[in-house]
Amino acid sequence: MAAEIVLTDTEFERYRDLIYNESGINFTKTNRSILEGRLKERLRNTTGVTLASYFTSISQNKEELKSFLDSVTTNLTRFFRNQAHFEALERHVIPELMNIKKATGNTTIKIWSAGCSTGEEPYTIAMLLSEILPPPWKFEIVASDISLKCLMTGKEGFYTDTRIEGIPESYLKKYFDKVTGGYKIKTAIMSKIRFDYHNLKNDSGLRNLDIVFCRNVIIYFDEITQAGVVNRFWDSMAGKSFLFIGHSESLFGMDTKFEFVKTQWATLYRKWI
Ligand SMILES: C[S@@+](CC[C@H](N)C(=O)[O-])C[C@H]1O[C@@H](n2cnc3c(N)ncnc32)[C@H](O)[C@@H]1O
């Protein structure tokens, strides 16, 4: 169906409700045109498919639904995005965790990059921790997203020349191999990260995490969904642990037990029980 797609109000509401129920992503009247654009893109080059028949198809076929949800996500990311967070990670969070954990003899720092997009965020964390953690300290990262396409890019670890902007020269030399058309992350870093499909609407099953990064993700959810996601983070985190959300996001006014932490570099949240 190459013709112009114009959603009627009823069609918009059906698609909007399905997307919201399945992913928490909240399309409103103001960003309705984004949904129209994504549907147009999705149905381009398909013949005989109408908005109604496509709706039936995604309602009945789980795989088609997954790839439709993938197509409505916004995946903008970059290496070292919001440098201040990584300063706070290095100078505040890691020293605090090392202090607390050393008494237990547990020298592994467990991290979750939730809504990791194409992998730049977990790879940034992995490079930074490789630089700063002295032996015997180790780290493990789970990186998850609802977008299968993004997860594939993350797993492959290949980034074109334009996408490696922001990576310090010394990191680029140490942690990437130059290949045709771009750079490929070295296996030593890649092996620290497990990329996994996960929808934040559900419990991840992860427990005892020391750090959760969920930046620029809850901004796409409404308040109820945000609270559900954040409280599931609480359940997956260790008694003393830290949560980073995007710098334009906030837990202000939300019914949550997270404490606000203001460091010299950035603000973040902690679970402190
Ligand atoms: C703008 S990107 C943020 C990437 C990275 N965290 C950063 O700050 O650079 C938002 C990501 O959240 C993912 N996302 C949206 N809804 C999700 C859900 N319900 N479960 C898991 N991931 C979701 C999208 O697929 C997208 O890759």
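The protein chain splits into domain 1, residues 9-72, and domain 2, residues 83-272; these bounds come from an automatic or database domain assignment. This is a predicted model, where local features need pLDDT of at least 70, side-chain atom pairs count only at pLDDT 80 or more, and totals for chains, interfaces and linings use all residues. Residues are numbered from 1 along each chain as its sequence is written.

Taken over C-alpha atoms, the centres of domain 1 and domain 2 are 29 Å apart. Seven residues from domain 1 and eleven residues from domain 2 make the contact, where contact means C-beta atoms, placed from the backbone, within 7 Å. On the domain 1 side, α4 gives the largest share, three residues. That side divides into two nonpolar, three polar and two charged residues. Here Ala, Val, Leu, Ile, Met, Phe, Trp, Tyr, Cys and Pro count as nonpolar, Asp, Glu, Lys and Arg as charged, and the others, Gly among them, as polar.

Now to α4 and its packing with another helix. Helices are DSSP runs of H or I, at least four residues, numbered from the N terminus. How do α2 and α4 pack? Helix α2, residues 32-43, packs on helix α4, residues 62-72, at an angle of about 130°, with the axes 9 Å apart. The axes are lines fitted to C-alpha atoms over the stretch in contact, and angles run from 0 to 180 degrees between N-to-C directions. That angle makes α2 oblique to α4, since angles under 35 degrees count as roughly parallel, over 145 as roughly antiparallel, 65 to 115 as roughly perpendicular and the rest as oblique.

From α2, the contact uses L35, R38, E41 and R42; from α4, F68, S71 and V72. Those residues divide into three nonpolar, one polar and three charged.

Definitions and conventions. Helices (H or I, at least four residues) and strands (E, at least two) are DSSP runs, numbered from the N terminus. Two residues are in contact if their C-beta atoms, placed from the backbone, lie within 7 Å.
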